[in-house]
Amino acid sequence: MPTNLVLQYVRAQRDTIRWTEAGARRGDAEAVHDMRVAIRRLRSTLRTFRGLWEAERAEWLRTELKWLADQLGPVRDGQVMSERLASAVEAEPAELVRGPIADRLREGLGDRIAEGRAGLRGALDGERYRVLLGRLNALVVTTNGSSSSWLRKRTRKAVRRADRMLADAVRDRRTTPGPETDTRLHDARKAYKRARYAVEVTRPAAGRPARRLAKRLTALQDVLGAHQDSAITGSVLLEAAGAATARGEETFTYGLLHARQADAGERALDALPAARHRAGKSSARSWLK
């Protein structure tokens, strides 16, 4: 039964990759997003529950799934960033939007998305992708045996690792705030994603307690995600401002938007203590013991 839970989970992710392939070829935003999430779940499962498959085989698949995710990234990231920046510009008073800001941002990101779509279609048409699917199909047939306690132990380990990473990042940020500690917050967010995916594997057997923990881990990573999104948006704005300077255009609005994003990122972290507290409650974690 425990092994079946893992197989059911990886099969569901494999099926999502296949079902979304046609939409991803077209650059459909939802299909690209869903395929990317399925890949993340697969890679995380292969890492968290390593030992259920032959090590070299599992690591090969993780590497190739990372390659596929990298083909999806420019398309999805460009789509999300385009919507985010369009909303940010629209929210500003007209007198503060100086120059063709919206058009420049849309054009720049549109070029990235178009290039990303072409690269993604090429990848999905290639032999490397076909080989990956074949080996993925073989993966979902069987695993080594495991017990319920082993699955809980591996899940507990993933959750505690994320806790430690976040605690270290928060502590260091108090004394030395900056890009490095922001990166560590992002790493903690990714660790919480892996932990949540592990909880999802065991949820059919654990029931309501696992659903509760998954929901609270999602809320926690969303807080960290809002902070990271602001940081990435700020970087895109700085790059766009540099291009505007080279064209001899005014950059006032780029600087204003950058400041807004920095402020939004800091305000997002105001919700972090409460989210950590809820995710750490014994009512959500006692079933892992």
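Reply: Ala, Val, Leu, Ile, Met, Phe, Trp, Tyr, Cys and Pro count as nonpolar, Asp, Glu, Lys and Arg as charged, and the others, Gly among them, as polar. Because the model is predicted, local features need a pLDDT of at least 70 and side-chain atom pairs a pLDDT of 80 or more, whereas totals for chains, interfaces and linings use all residues. Residues are numbered from 1 along each chain as its sequence is written, and side-chain values use heavy atoms, without hydrogens or water.

Me: How do the residues of the lining of the second largest pocket divide into nonpolar, polar and charged?
Reply: A pocket is an open set of points on a 1 Å grid over the protein atoms alone, where a 1.4 Å probe fits, with protein on both sides within 12 Å along at least five of seven lines, and its lining residues have an atom within 4 Å of a point. Here 16 residues form the lining, and D182, S230, A231, I232 and G234 lie nearest the centre. They divide into five nonpolar, two charged and nine polar.

Me: Which helix gives the largest share of the lining of the second largest pocket?
Reply: Helices are DSSP runs of H or I, at least four residues long, numbered from the N terminus. At least two lining residues come from each of α7, α8 and α9 (252-268). The largest share, eight residues, belongs to α8.

Me: Is α3 roughly parallel or antiparallel to α4?
Reply: Axes are lines fitted to C-alpha atoms, for helices over the stretch in contact, and angles between N-to-C directions run from 0 to 180 degrees; under 35 counts as roughly parallel, over 145 as roughly antiparallel, 65 to 115 as roughly perpendicular and the rest as oblique. The axes of α3 (residues 55-91) and α4 (residues 101-125) come within 9 Å and cross at roughly 160 degrees. The two helices are therefore roughly antiparallel.

Me: How many charged residues does the contact of α3 with α4 have?
Reply: Contact means heavy atoms within 4.5 Å. Among the residues that make this one are W67, L68, L72 and V75 of α3, together with L105, L109, I113 and R117 of α4. The residues divide into 16 nonpolar and six polar, and the count of charged ones is one.

Me: Which residues in α9 do I101, R104 and L105 in α4 meet?
Reply: The axes of α4 and α9 are 10 Å apart, and the helices pack at an angle of about 75 degrees, which means that α4 is roughly perpendicular to α9. The residues of their contact divide into four nonpolar, one polar and one charged. From the α9 side, the residues that I101, R104 and L105 meet are T253, Y254 and L257.

Me: Which residues does R76 touch, not counting residues up to four places away in sequence?
Reply: R76 lies in α3, and its C-alpha atom is separated by 30 Å from that of L5, 71 residues apart along the chain. When residues up to four places away in sequence are not counted, R76 touches A29, V32, H33 and R36.
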